[in-house]
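Please work through the following exercises with the structure at hand. Each task is followed by a solution in steps.

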Amino acid sequence: MKKLTARFLRDESGATAIEYGLIISLIFLAIVTALTAFGNHSSGVFNKAMDAIREGMD
């Protein structure tokens, strides 16, 4: 049992996959945060542009 436990503690094969998973999740959170923060602002810009186009067509 000691050998099995020692071998398990030395095994690092899954560590890389976990690290990549953490990096991907942090990138995803950054993207979601940026879209949330700037989404309302960019929506307002497009709405203003559409309003200006509609006024120009009248």
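**Exercise 1. Identify which residues form the nonpolar patch on the surface, and state the accessible area together.**

Solution. In this predicted model, the patch consists of Tyr20, Ile23, Ile27, Ile31 and Leu35. Together, these residues have about 540 Å² of accessible area.

**Exercise 2. Locate Tyr20 in the secondary structure and classify Tyr20 as buried or exposed.**

Solution. Step one: Tyr20 belongs to helix α2, which covers residues 15-57. Step two: the cut-off for exposed is over 50% relative accessible area. Step three: Tyr20 has 53% relative accessibility and therefore counts as exposed.

**Exercise 3. Determine how many salt bridges the structure holds, and describe the residues that take part.**

Solution. Step one: the structure contains 1 salt bridge. Step two: this contact joins the side chains of Asp51 and Arg54, at 3.7 Å from N to O. Step three: side chains of opposite charge can pair when their charged atoms come close. Step four: both Asp51 and Arg54 are part of helix α2, where they stand 3 residues apart, about one turn of the helix.

**Exercise 4. Assign Ile24 to a helix, classify its exposure, and give its separation from Ala34.**

Solution. Step one: Ile24 is found in helix α2. Step two: its relative accessibility is 58%, so Ile24 counts as exposed. Step three: Ile24 and Ala34 are separated by 10 residues in sequence and by 15 Å in space, C-alpha to C-alpha.

How values were computed
Residues are numbered from 1 along each chain as its sequence is written. This is a predicted model: local features need pLDDT of at least 70, side-chain atom pairs count only at pLDDT 80 or more; totals for chains, interfaces and linings use all residues. Side-chain values use heavy atoms; hydrogens and water are left out. Patches are made of residues with over 30% relative accessible area and no salt bridge: like charges are joined within 9 Å, nonpolar side chains (Val, Leu, Ile, Met, Phe, Trp, Tyr) within 5 Å. Accessible areas come from the Shrake-Rupley method with a 1.4 Å probe; for residues, only the protein chains shown count as cover. A salt bridge is a side-chain nitrogen of Lys or Arg within 4 Å of a carboxyl oxygen of Asp or Glu. Helices (H or I, at least four residues) and strands (E, at least two) are DSSP runs, numbered from the N terminus. Buried means under 20% relative accessible area, exposed over 50%, partly exposed in between (1.4 Å probe, protein chains only).
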